Amino acid sequence: MEGKVRVRFAPSPTGPLHVGGARTALFNYLYAKHAGGVFVLRFEDTDTERNESVFEESITDGLKWLGLNWDEDHYQSKRADVYRRYLEKLTSQGLTYEQDGGVYFKLPAEPRVVVVDDIIRGKVEFNSKNFDDIVLMKKTGTPTFNFANVVDDIDMSITHVIRGEDHLSNTPKHILLYEAFAAPIPRFAHLPLLLNLDRSKMSKRTGDTAVDDYRRAGYLPEAMLNFLAQLGWSDPDGQDFLPLDELVKKFSLERVQKAGAVFDLQRLNHLNQHYLMRKSLDEYIELAKPFIAHLSGDELMGRFALALIQDRAQTLSEIPGLIEYFFKTPDYEANLLVFKKSSPEQTGKGLNATLTVLEALEDTDWNQVKLQQILDETLSAEGLQPGDMFWPVRVALSGEEGSPSPVELLEALGKTESISRIKTAINKLV
RNA sequence: GGCGCCAUCGUCUAACGGUUAGGACGCAAGAUUCUCAUUCUUGUAAUCGGGGUUCGAUUCCCCGUGGCGCUACCA
């Protein structure tokens, strides 16, 4: 029987959690959970110059937000004794030497071919004659990435190394170290890189690359998860929307793409809107709260407003812009009141007729069904076109070219405010 | 420069040698008695080039081209 699957996500806390890192973490998580294995989080914090604890928090917060819970965590900064012990194993075999205060690993005297057997890419051959001796310990006394990474993967019994393709070229050096330690070599899987629109490596981008940027912009974790999962992997059944537990069930490294994948925001937006629209109103309100804290007004009306725009926002951060006019008097040009197929005269007629019937309407009848009925009746009684009435009433209430329908707005705003706004519109028109 | 990886619509991708090369995003048009959004329908658009292998290549091999990565006492 094979040993239990153990994978690791090994970020260095020199920056906030990057979307590429999140994708790597996700694939590790999916592979581990699919196999009933263990997902290890290992901070590779040996670069004391660039490490910051805020970045550790960014990484753990980001993983938690996405629901990628880890089973163990480790810090390389706390494992100096381990590296010293492993270094001694190599030194006692005469495989190392010191130079300029650093410790180096001697490459094989005779050049040889090192084969990386990659799950995604197949067998990749490298010749050791193209490498330089490997630095194991810096003169500061801390281990290098190449050394600490391999030692930890051995020491933590990592069975599968799933990481970005940018590490493929380092892998033959790592294999040489595994061999020197007479340690079992894990399976490797090098993931395609995430790319900018211009197909350059995404980590070099200047815009939003941190997971937290997207969280703050109002993206949902389930949308981000779905998006990242399908950057380099595809569901065998062609499903576009899969929750995390479904991803776990269906994931396999065999279906991972070899070519780099462009991070296309339009697709993320689409996924986000999809998940946003399907939230219950109560959930939606909770999600929206932090984004609309600055808008004050009647709570019930706020609830109405959010219900009306729920299928219109792609991100939570768009919400305040979409519901602002519910909370404050809209500002717009008078000519916006006139529909393109109408005239100022007809528009005025429509608004005045509407005002008259609304003022006569009992408070108890102030609901969408009744309002729609009454407006329809008025329309035919006055011999008006829909654009002579529905459009200007809607603009009078919202001040926007695009918005929910007039009866929805009337119900949400209530009688007093609606009538006030329609009067304002009539005055604007003359 | 050296070493390595990669190559299907604009983008994410499907098609374990035989399909009218499929889906999704985007875009365009239409329907849903005003707009926007939603929903539905339709349309748009791809196998990088050249050689092989094969009865037959998106698929296998070689060359070219292009993109990317690595080549740090960064990870």
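Q: How many Å apart are the end C-alpha atoms over residues 4-99, and how much of the chain there is helix and strand?
A: In this predicted model, the end C-alpha atoms of residues 4-99 are 40 Å apart. The chain over that stretch is 45% helix and 19% strand. The UniProt record, an unreviewed entry, gives residues 4-99 and 103-269 as the feature "domain: Glutamyl/glutaminyl-tRNA synthetase class Ib catalytic".

Q: What does the secondary structure of chain A come to, and is the chain compact or spread out?
A: Chain A holds 17 helices and 12 strands. Its radius of gyration is 31 Å, whereas the globule rule gives 22 Å for 430 residues, so chain A is more spread out than a compact globule. The C-alpha trace spans about 100 × 40 × 35 Å along its principal axes.

Q: What percentage of the residues of chain A count as buried, and what share of the contacts is made by residues 24 or more positions apart?
A: Of the 430 residues, 36% count as buried. Among contacts in chain A with a separation of 6 or more, 78% join residues 24 or more positions apart.

Q: Which residues are closest to RNA strand B, and how do the residues of the surface near RNA strand B divide?
A: A residue is taken as near the strand if its C-beta atom lies within 6 Å of it. RNA strand B is surrounded by 60 residues, the closest being Glu44, Gly102, Lys138, Phe145 and Gly402. The surface divides into 16 nonpolar, 23 polar and 21 charged residues.

Q: Which elements each supply at least two residues of that surface, and which gives the most?
A: Strand S7 (122-127), strand S12 (261-262), helix H9 (265-277) and helix H15 (386-398) each supply at least two. H15 gives the most, with five residues.

Q: Is H15 mostly covered or uncovered, and what covers its buried residues?
A: A residue is buried if 20 or more other C-beta atoms lie within 10 Å of its own. By that test 11 of the 13 residues of H15 are buried, including Phe390, Trp391 and Arg394. Their cover includes helix H12 (319-327), helix H13 (344-360), helix H14 (368-382), helix H16 (406-413) and helix H17 (415-429).

Notes: Residues are numbered from 1 along each chain as its sequence is written. Chains are lettered from A and ligands numbered from 1 in the order in which they are written. This is a predicted model: local features need pLDDT of at least 70, side-chain atom pairs count only at pLDDT 80 or more; totals for chains, interfaces and linings use all residues. Helices (H or I, at least four residues) and strands (E, at least two) are DSSP runs, numbered from the N terminus. The radius of gyration is taken over C-alpha atoms; the globule rule is 2.2 Å times the number of residues to the power 0.38. A residue is buried if 20 or more other C-beta atoms lie within 10 Å of its own, exposed if 12 or fewer, and partly exposed in between; C-beta atoms are placed from the backbone. Two residues are in contact if their C-beta atoms, placed from the backbone, lie within 7 Å. UniProt positions are given in the numbering used here, feature names are shortened, and annotations may be inferred rather than shown by experiment. Ala, Val, Leu, Ile, Met, Phe, Trp, Tyr, Cys and Pro count as nonpolar, Asp, Glu, Lys and Arg as charged, and the others, Gly among them, as polar.
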